[in-house]
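Try each task before you read on.

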2 protein chains.
Amino acid sequence: MNELADLTDEQREQLLHTRRRAIESIGKNMDLYGITLSIGHLYGNMYFNQEPVTLNEMSEAMGLSKTSISTGMRTLHDLKMINKVWGKGSRKDLYEVEPDWHQNFSDFFSIKWRKAVEQNRSALRKCMKEIETLEEQYSEDAVFMKVLEHDRLKMQESMKYYKWLERLIDSFENGDIFTLIPKEE
Amino acid sequence: MNELADLTDEQREQLLHTRRRAIESIGKNMDLYGITLSIGHLYGNMYFNQEPVTLNEMSEAMGLSKTSISTGMRTLHDLKMINKVWGKGSRKDLYEVEPDWHQNFSDFFSIKWRKAVEQNRSALRKCMKEIETLEEQYSEDAVFMKVLEHDRLKMQESMKYYKWLERLIDSFENGDIFTLIPKEE
DNA sequence: TAGAACGTACAGTTTAAACTTTACGTACTG
DNA sequence: CAGTACGTAAAGTTTAAACTGTACGTTCTA
């Protein structure tokens, strides 16, 4: 269970103390991924573990109920930030952090941003259709037409942005971004 | 005050009904920017306005207290998603949406992600220093050394990612991203 | 200079999120 | 086939966030 069992008490103490700063910082800044502080800490605590962890282990380590850890793990798993591992003879679920953070980042954008962009594009498309219908209907009414044109132009501008964003997300998804901005300097 | 005053009741009705889908969608998906749903709606409602709006106008339009609108406006302003405008003879604060969404996106990353990356890098740097000190101290202890090395390698990997991410953020901030992925297809 | 309009700090209230406890379905074990 | 361990759904509780109402400082107006 405890991969630090072979260390002396003093060593374990020093190690955990040293790790803490990194764990706290990583966990805290995961709100960027829309993740709550305690789930961020969960991830941070898993970060240094060499071996995959179980629900019970993390529950005990963090002083949270097993249910909380369970839902936290699912959240992290949905975002592909941790992996479910099939371990030896254990019938417990085992989890470990996905070590490739570049991949992490890409997945996050694919999952979250792609969905949002598609929803907004769809809504804008429908809205523009309706505006165009109104423009046909009221083509004689100069005052109304001016307002309608304003709305249409505004949405066309937004559409341009969304198309650009989709190409950016594409580049994350297919890895082209790492040609444009290489992993190694 | 009301830029739609010159329209007939029917026209205004149709227009607002048509706009609503876009407003809802835009507002809803702003949780990606760490923004609450109602502030997202505030932004969505401002989106179509041709003229800058005041606190009172939006308060009435959204059925929220002026205080709520005030704090919402500040949040949006901090993220540079809206601009404070100095209008004619009015002494009310006037706000309008920043129309350049590419710029919006860049600013968001500069503000939010840059800070997080710097914090994490700083924490990791300190943590690595301490690990190295321990490695000197316990250089004879093979068991402990193995654990320490594992931690150090893990953090070095993370540092690579953060350096990459900083270069990505740089490209947003200085606009290079729009050379790599052009606004126009 | 008194009075009104404006934006926001602050304290209090309501609503939503996080977390726990209990209970249940499933899959191993003897 | 009972008995046990495991993960999670569901309901209940606690904690935090969102929102409101009041009050105050500032700035403009008469």
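The model is a predicted one, in which local features need pLDDT of at least 70 and side-chain atom pairs count only at pLDDT 80 or more, while totals for chains, interfaces and linings use all residues. Residues are numbered from 1 along each chain as its sequence is written, chains are lettered from A and ligands numbered from 1 in the order in which they are written, and side-chain values use heavy atoms, with hydrogens and water left out.

**Exercise 1.** Work out where Ser158(B) sits and whether it is buried or exposed.

Step 1: find the element. Ser158(B) belongs to helix 6 of chain B, residues 142-173 (helices are DSSP runs of H or I, at least four residues, numbered from the N terminus).

Step 2: check accessibility. Ser158(B) counts as buried because its relative accessibility is 4%, and buried means under 20% relative accessible area, with a 1.4 Å probe and protein chains only.

Step 3: list the neighbours. Leaving aside residues up to four places away in sequence, Ser158(B) touches Leu124(B) as well as Tyr47(A) and Trp101(A) (contact means heavy atoms within 4.5 Å). With Tyr47(A) there's also a side-chain to side-chain polar contact at 2.3 Å (a pair of N or O atoms within 3.5 Å; within protein, one must be able to donate a hydrogen and the other to accept it, and residues adjacent in sequence count only if both atoms are side-chain atoms).

**Exercise 2.** Describe the protein surface near DNA strand D.

Step 1: pick out the nearest residues. Of the 16 residues around DNA strand D, the nearest are Ser70(A), Lys92(A), Asp93(A), Ser38(B) and Ser68(B) (near means a heavy atom within 4 Å).

Step 2: sort them by class. This surface has 2 nonpolar, 8 polar and 6 charged residues (Ala, Val, Leu, Ile, Met, Phe, Trp, Tyr, Cys and Pro are nonpolar, Asp, Glu, Lys and Arg charged, and the others, Gly among them, polar).

Step 3: see which part of the DNA is involved. Phosphate oxygens of DNA strand D lie 2.6 Å from a backbone N or O atom of Asp93(A), 2.7 Å from a side-chain N or O atom of Ser38(B) and 3.1 Å from one of Arg74(A).

Step 4: name the top contributor. Helix 4 of chain A gives the largest share, 4 residues.

**Exercise 3.** Which residues of domain 1 of chain A lose the most area to domain 2 of chain A?

Step 1: Chain A splits into domain 1 (9-99) and domain 2 (102-180), bounds that come from an automatic or database domain assignment.

Step 2: size the interface. About 650 Å² is buried between domain 1 and domain 2 of chain A, 63% of it from carbon and sulfur atoms (buried area is the accessible area, 1.4 Å probe, that two parts lose on being put together, summed over both).

Step 3: name them. Tyr33(A), Leu79(A) and Lys80(A) lose the most, together 67% of what the domain 1 side buries.

Conventions:
Helix = DSSP H or I, 4+ residues; strand = E, 2+ residues; numbered from the N terminus. Buried < 20%, exposed > 50% of the residue type's maximum accessible area, 1.4 Å probe, protein only.
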